[in-house]
Amino acid sequence: MNLINDLNRRLFEKINALKNYKSKTIFNDALELEIEDFDESITNLAKELKPWRKGPFKLGELFIDSEWRSFIKFNLLKPHLNLEGKNVADIGCNNGYYMFKMLEFKPKSITGFDPSVLSFLQFSFINRFVKSNIKFELLGVQDLPGFGVKFDTIFCLGVLYHRSDPVKMLKELKAGLNSDGEVFLDTMFIDRDDEFVLSPKNTYSKIPNIYFVPSIKALQNWCERAKFKSFEILAIKDTDLNEQRKTQWINGESLENFLNPNDPKLTIEGYPAPKRVYVRLK
């Protein structure tokens, strides 16, 4: 595997060189791993793998306090999940936090798609202790139609606004589904009643690769164009400082730096502050 540079190769070698710790996985809000003979090599390697965006994880006595408290999103979706015996994919899976949480639901298989090498390394590190059969593919959503496997359930959380052609992406998700499959999608939206799409000039919340932020009606139109027949809203939530914030486990800024300091209902650019909608598509 070409891990792009010497640093990544060195980190991958360190992960594979970890001894075979005995561990037990506990499915709390933080994915907890009881680890026998915990030692400082685990802590040191976790620090080398910063920044940790998704989580949190508790490895023995080590708490990886990720930027996102991802259990908030997962707990919104949890009542709607029926994954037992199913083939599941997570598109834009990051370090696999959601996939590890899905293990409790006993799916037949879990496959993650993410082209980020750092995400793959973090996943590989955590999976040394979880010891799961989750597959991690260094691929993107565009690879889903030709992947050769159809999935019963696809998760696509926080990806849509990063794509310059959102309808094409939704069609790619549809192409990866079994005929009776479902997609769990979350995306930022603009809180309006009309069919409106915000196209930021340069950045949105200081993020340069956000192309389109739709109203919910516009999002539903996109999904219908992609031939989804069912559009079910599961939850709507503001993104707040309880869910996303700067910690010692990331480098740089977080949500508090992305909002207008005089009016947190606006981004630093003056756009409406982030809100998220969670939908199930069939």
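The crossing of H6 and H7 is right-handed, meaning that the near helix is turned clockwise from the far one by less than a right angle. This is a predicted model, where local features need pLDDT of at least 70, side-chain atom pairs count only at pLDDT 80 or more, and totals for chains, interfaces and linings use all residues. Residues are numbered from 1 along each chain as its sequence is written, and side-chain values use heavy atoms, without hydrogens or water.

**The helix pair**

The two helices pack at an angle of about 50 degrees, and their axes lie 8 Å apart. Axes are lines fitted to C-alpha atoms over the stretch in contact, with angles from 0 to 180 degrees between N-to-C directions.

| Helix | Span | Residues in the contact |
|---|---|---|
| H6 | residues 166-175 | Pro 166, Val 167, Leu 170, Lys 171 |
| H7 | residues 216-225 | Trp 222, Cys 223, Arg 225 |

By class, this contact of H6 with H7 has five nonpolar, no polar and two charged residues. Nonpolar means Ala, Val, Leu, Ile, Met, Phe, Trp, Tyr, Cys and Pro; charged means Asp, Glu, Lys and Arg; the others, Gly among them, are polar.

**The whole chain**

The protein chain has eight helices and 15 strands. These are DSSP runs: H or I of at least four residues for helices, E of at least two for strands, numbered from the N terminus. The C-alpha atoms fill a box of roughly 60 × 50 × 35 Å along the principal axes. Buried residues (under 20% relative accessible area, 1.4 Å probe, protein chains only) make up 52% of the 282 residues.

Key: Contact means heavy atoms within 4.5 Å. Buried means under 20% relative accessible area, exposed over 50%, partly exposed in between (1.4 Å probe, protein chains only).
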